[in-house]
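Please open the model in your viewer and keep the sequence panel beside it. The stops below say what to select next and what is found there.

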Amino acid sequence: MPPSIGELTSLKTLSIFVVGKVRGSRLKELGTLKLKGEVHIKHLERVTSVADAEEANIGDKDLHHLLLSWDRVEESRLKEKYVEQVLEELQPSAYYLQVLLSTTYAMW
């Protein structure tokens, strides 16, 4: 993702948003965008705080399809107990939500 994508406040179409590990690529960057249609938010395991999910303001977007995906990895920054809180803060409407959990397996 381009750094500080949240500064593109007139952006309405974004098919994929990859949550990053550094400032300017965190989930809260979506908060200022006026997104419409559909978006796939990838790597939610990189979310470092529930506040980032709240600041993303997903519930206020004009979306008809939302795909949220987590990769299950050892270094997950967000404790598993907070996953439910992140979902609550994102406030997705059930009619357009799709959740994808993937598991990373060791390569032998």
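Select Leu35 together with the residues it touches, where contact means heavy atoms within 4.5 Å: leaving aside neighbours within four places in sequence, Leu35 is in contact with Leu11, Lys12, Thr13, Leu14, Leu30, Lys61, Asp62 and Leu63. Leu35 is found in the loop between E1 and E2, and with a relative accessible area of 3% it is buried, a word that stands here for under 20% relative accessible area, with exposed meaning over 50% and partly exposed what lies in between (1.4 Å probe, protein chains only). If you draw a distance from the C-alpha atom of Leu35 to that of Ser10, the value is 8.6 Å, although the two residues are 25 apart in sequence.

Before going further, please note that this is a predicted model, in which local features need pLDDT of at least 70 and side-chain atom pairs count only at pLDDT 80 or more, while totals for chains, interfaces and linings use all residues. Residues are numbered from 1 along each chain as its sequence is written, and side-chain values use heavy atoms, with hydrogens and water left out.

Now colour the chain by secondary structure, for which helices (H or I, at least four residues) and strands (E, at least two) are DSSP runs numbered from the N terminus. The chain has two helices and four strands, and from the N terminus on they follow the order β-β-α-β-α-β. Of its 108 residues, 35% count as buried. Among contacts in the chain with a separation of 6 or more, 72% are between residues 24 or more positions apart.

Stay in the loop between strand E1 (16-18) and strand E2 (36-42), and select Glu29. Glu29 is buried yet has no salt bridge, the nearest side chain of opposite charge being Lys28, 6.6 Å away; a salt bridge here is a side-chain nitrogen of Lys or Arg within 4 Å of a carboxyl oxygen of Asp or Glu, and for charge Lys and Arg count as positive and Asp and Glu as negative, with His and the chain ends not counted. Not counting residues up to four places away in sequence, Glu29 touches Ser4, Ile5, Gly6, Glu7, Phe17 and Gly24.

Arg26 is partly exposed, at 23% relative accessible area, whereas Asp52 is buried, at 3%.

Next, show the side chains of Leu27, Leu30, Ile41, Leu44, Ile58 and Leu90, which have the most contacts inside the largest nonpolar core, a group of 22 residues. Such a core is a set of buried Ala, Val, Leu, Ile, Met, Phe, Trp, Tyr and Cys residues joined through side-chain atoms within 4.5 Å. The elements that give two or more residues to this core are E2, H1, strand E3 (62-72) and helix H2 (83-90), and the largest share, four residues, comes from E3.

Two backbone positions deserve a separate selection. Most residues other than glycine have a negative phi. His43, in the loop between E2 and H1, has a positive phi near 65 degrees and is buried, at 18% relative accessible area. Asn57, in the loop between H1 and E3, has a positive phi near 50 degrees and is partly exposed, at 30%.

Finally, colour by pLDDT, the predictor's confidence in each residue, from 0 to 100. The chain averages 79, and 75% of the residues score at least 70; confidence is highest in E1, at a mean of 93, and lowest in E4, at 60. If you select residues 103-108, you are looking at a stretch where pLDDT stays under 50 and for which the model has three contacts beyond four places in sequence. Where pLDDT is low, the predicted coordinates should not be read in detail.
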